[in-house]
Amino acid sequence: MSKQLRIQIFQDGQIQAEVLGVKGKKCTDYISLLEELLEAEIIESEYTSEYYQTEEVHIDEMQSNPITVNTKGVR
């Protein structure tokens, strides 16, 4: 799932926002962004199930071959 912010604005001015597709504590990084964008202050929040999940990061290992360089120009 791609990362999304779902924002609902109700007729009484109440705003409800939800961070989707962000696993772990990184979802809380969006709280200050939402406050700034909406010019609002968070008065109540709750964690989704994604908050308690961990995000897997895959790192591909590359094998390197040593290169010998002759800096004197001798072959």
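## Tyrosine ring cluster

Tyr47 is partly exposed, with a relative accessible area of 47%; on this scale, buried means under 20%, exposed over 50% and partly exposed in between, for a 1.4 Å probe and protein chains only. The model is predicted: local features need pLDDT of at least 70 and side-chain atom pairs count only at pLDDT 80 or more, while totals for chains, interfaces and linings use all residues. Residues are numbered from 1 along each chain as its sequence is written, and side-chain values use heavy atoms, with hydrogens and water left out.

The structure holds three aromatic pairs. In one of them, Tyr47 and Tyr51 are stacked, at 3.8 Å centre to centre and 5° between the planes. Tyr51 also forms an edge-to-face pair with Tyr52, at 5.1 Å and 85°. Rings of Phe, Tyr and Trp (its six-membered ring) pair if their centres lie within 6.5 Å, and planes under 30 degrees apart count as stacked, over 60 as edge-to-face and the rest as tilted. Through ring pairs, Tyr47, Tyr51 and Tyr52 are linked into a cluster. Tyr51 is buried, at 16% relative accessibility, whereas Tyr52 is exposed, at 62%.

## Nonpolar core

Tyr51 also belongs to the largest nonpolar core, together with Val19, Val22, Cys27 and Leu34. Such a core is a set of buried Ala, Val, Leu, Ile, Met, Phe, Trp, Tyr and Cys residues joined through side-chain atoms within 4.5 Å.

Contact here means heavy atoms within 4.5 Å.

## Surface patch

Leu5, Ile7, Ile9, Ile15, Leu33 and Leu37 form a nonpolar surface patch with about 500 Å² of accessible area together. Patch residues have over 30% relative accessible area and no salt bridge; nonpolar side chains (Val, Leu, Ile, Met, Phe, Trp, Tyr) are joined within 5 Å, and like charges within 9 Å. A salt bridge is a side-chain nitrogen of Lys or Arg within 4 Å of a carboxyl oxygen of Asp or Glu. Areas come from the Shrake-Rupley method with a 1.4 Å probe.

Strand β1 (4–9) and helix α1 (29–38) each supply at least two patch residues, and β1 gives the most, with three. Helices (H or I, at least four residues) and strands (E, at least two) are DSSP runs, numbered from the N terminus. Ile9 lies in strand β1 and is exposed, at 60% relative accessibility.

## Segment before β1

Ser2 is located in the segment before β1 and is partly exposed, at 47%. Leaving aside neighbours within four places in sequence, Ser2 contacts Leu20 and Gly21.
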